[in-house]
Amino acid sequence: MDEESPSSLTDICMAWVCHNVEVLCVTQEDGSLHFRHCPLFPQELADQLLHKMADEGVLNDRTVGVFQNPEHLRLRRVYIRSAQLSAEAFRLSLCPHKLQELNASHIHSDVTISDILHSLTSNKLCRQGLQTLLMDGLRLYGEAGEESLQASFSMLRGLKKLSLAWTDLDDGGLEDICAMPMLESLDVSGTNITDLTPLLNCQSRLMSLTAHGLQKLEMPTSSFILVLSKLQLMRHLDISNDRLVMDGDRLVQQLLERPGILPQLVSLDVSGWRGVSYATVQAFVEDRPGLRFIGLLATGAGGSELLCGDGNLKVAGESNLTQLCECLRRYSDRESFIREVLAHIYSHTSGMEEPQPHIIKLVLAGMRHHTDSLHVQLVASACVFNLTVQELVLGMPLRLLGNVVQQLLTAMKNFPNHEQLQKNCLLTLCSDHILQVVPFDRYEAAKLIMMLLGNHEDQTVQRMAVAIVSILVSKLNTEEISELGAEAFITKQLLSIVQQKASLGVVDSTLKFALSALWNLTDETPTACRHFIQCQGIELYMELLESYYSESSIQQKLLGLLNNIVEVEELRMGLMNEDLVEHIVSLLINPMVEVDVSYFAGGILAHLISVRGPVWSLDAELHSTVQEKLHSSVLSWSSPEHAMVSYRTFQPFYPLLHVSQCSGVQLWALWAIQFVCCRNAPQYCNMLQSEGGTDILRVLSSHPDTHSDVKCLSENILTILERNLHPANSVEDFH
């Protein structure tokens, strides 16, 4: 699907069914699931549902049971690639259908090719109607002695396309296959076949042969070419070599030089055979004007204008980006080829000036096919960085970038201790556009990156990881922050970084991002606040307030987090420290200190002297001083031009506006509300209205004991509210 388009309604519905299948079903006696209510599905939708279940990883012996009812869910094109299915579940749920196509490649179970053949041939409709069968990566037999139970390929009378790549298929199996009356396309790549002579039995019908990586082939070159020369109907031939070795026996050279061989050929793949003559390839292509594809990767023969790949003839090679993209399209499942191609892609994409979403999409496909290959992930992640660096990322579809992020996180998770891979992935993720705009699971990303951070002491990795986590946490909702804050190791890890930087006395981006992450992580998250206290965070922050006294940006982040803690009533006693309070008072009243710092200092003091929560346990004179200085300081503040703070809710402020509070406490809360309402009226005026804050302000404003300064500020806010929530009334009042 086009990454610039939204998901189709069908895809959305299929995904929903996949992830709610247990709720929609009842369990049968055998443990399998059946839909409670199942309408008659159009056949194409039934195929799509099965495919989606396999792709989403929810297809197993239980869930596949929903397809045991062929009257309501009729399957024709069955896709169960990489699913976790037993032979019995396959037989009971899928074989009763009139199958036309089956992709059972790389099933993650003990299912064998023999099991699948037995099940298919037990159904007459499948014996006659099945046309396509893909069983790549499976074993022919299971335990020793099963050979006697082998079903015959030749029993599949209607089969036209068969793929058994990377199986243990041998010469005997090939003979059986070549007896199939309708066979037109065969893939025996990477099998144990030593002799292709049985192909002569189907020379009157075979039109496509893929024999990539046949390392056990023992037939002489002359015999091999003789067999191929007899396949006069052949239109697609792939004899590429996955080992990328020299064509020592001149197999490819002799094939290309043989006059009149393979006259119907539309595509030929000889990639991986080094040392093929450019002139021979040129002559072969010129003699076959119907040729539409030729694979020449690592042959050294793709550099001519005729083979550039821009015209009707597509070329897979390494001479230019067009050829390399063709390689990525065709070889995504061939690791040795992908490794070779990605190295060239990296060179070609360095210094790219225009966005290339089609290339990054192809690179991602290679990464998905080889998630367990460090080499592929390492080079591919470097290519991804080249393709998304700076302004290039702005030209990429958001959904495609979301897929990029997911694939990079998968690579990081699979290779947690490989420093260079971690750097490559973090370099790409260090993008404001990706972190702020692109859709992906920010909660899982933040959690994963924090887990991986513990594996690396490299300063570059640390700096990028902390910066990314800081931004990700700021984008999470309250529930996600609470879940993340419940992970004590994250708070501990961030505090460790802060302590490390503080011990060196440095002020760098890593320190600032770590402090911001802790600040955001503790926002409205009592659990994270407790973790912070348990990790001796308050003691550390007291030291930092002293040592970074002249650094307002650091002071603001320190005080901001302490505000989060003091908002939790049961945790306030942890801040009832005379030295700490006196220091915070000094920040409140110092005329040289920026409003940003004074504001947060005032917030801590306002909560500490609040009549709500624990009783003031320090010196009474200090209590009076705080009350007095808080009142006078708030009145002296001028609103800064920048967005100093943002709030998800005003709930922590409402207890401070109670008529029983002292005027300094009330003024601090009112100043905060007025500041954000003036900065962003639509958001905060609506928030105040919906949370019932308007009524609290009216009560405070009209109470006879309310201080005149408090009353004035309350009425200012109510005027702002009236102006923004009821603009028409404000205009009438003005006239």
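Trainee: What separates the centres of domain 1 and domain 2?

Mentor: In this predicted model, the distance between the two centres, taken over C-alpha atoms, is 21 Å. The domain assignment sets domain 1 at 536–642 and domain 2 at 650–725.

Trainee: What makes the two domains count as being in contact, and how many residues take part?

Mentor: Contact requires heavy atoms within 4.5 Å. Domain 1 brings 23 residues to the contact and domain 2 brings 18 residues.

Trainee: What area do domain 1 and domain 2 bury between them?

Mentor: About 1,700 Å² is buried between domain 1 and domain 2, and 67% of it is on carbon and sulfur atoms. On the side of domain 1, the residues that lose the most area to domain 2 are Tyr599, His631 and Val634, together 31% of what that side buries.

Trainee: Which helices supply the side of domain 1 that touches domain 2?

Mentor: Helix 27 (595–608) and helix 28 (620–636) each give at least two residues to that side. Helix 27 provides the largest share, with 6 residues.

Trainee: What are the residues on that side of domain 1, by class?

Mentor: They divide into 10 nonpolar, 10 polar and 3 charged.

Trainee: How many salt bridges and how many polar contacts link the two domains?

Mentor: The salt-bridge count between domain 1 and domain 2 is 0. For polar contacts, the rule finds 6 residue pairs across the interface, with both residues at pLDDT 80 or more.

Trainee: How many salt bridges does the structure hold?

Mentor: The structure holds 15 salt bridges.

Trainee: Why is the pair of arginine 62 and glutamate 22 called a salt bridge?

Mentor: The closest N and O atoms of arginine 62 and glutamate 22 are 2.7 Å apart. The cut-off is within 4 Å, for a side-chain nitrogen of Lys or Arg and a carboxyl oxygen of Asp or Glu, so the pair qualifies. Arginine 62 sits in the loop between helix 3 (43–55) and strand 3 (77–79), while glutamate 22 is in helix 2 (residues 21–24), so the pair ties together parts that are 40 residues apart in sequence.

Trainee: Which feature does UniProt place at residues 367–721?

Mentor: An unreviewed UniProt entry places "domain: Protein zer-1 homolog-like C-terminal" there. In the model, residues 367–721 are 70% helix and 0% strand, and the end C-alpha atoms are 53 Å apart.

How values were computed:
Residues are numbered from 1 along each chain as its sequence is written. Side-chain values use heavy atoms; hydrogens and water are left out. Domain bounds come from an automatic or database domain assignment. Buried area is the accessible area (1.4 Å probe) that two parts lose on being put together, summed over both. A polar contact is a pair of N or O atoms within 3.5 Å; within protein, one must be able to donate a hydrogen and the other to accept it, and residues adjacent in sequence count only if both atoms are side-chain atoms. Helices (H or I, at least four residues) and strands (E, at least two) are DSSP runs, numbered from the N terminus. Ala, Val, Leu, Ile, Met, Phe, Trp, Tyr, Cys and Pro count as nonpolar, Asp, Glu, Lys and Arg as charged, and the others, Gly among them, as polar. UniProt positions are given in the numbering used here, feature names are shortened, and annotations may be inferred rather than shown by experiment.
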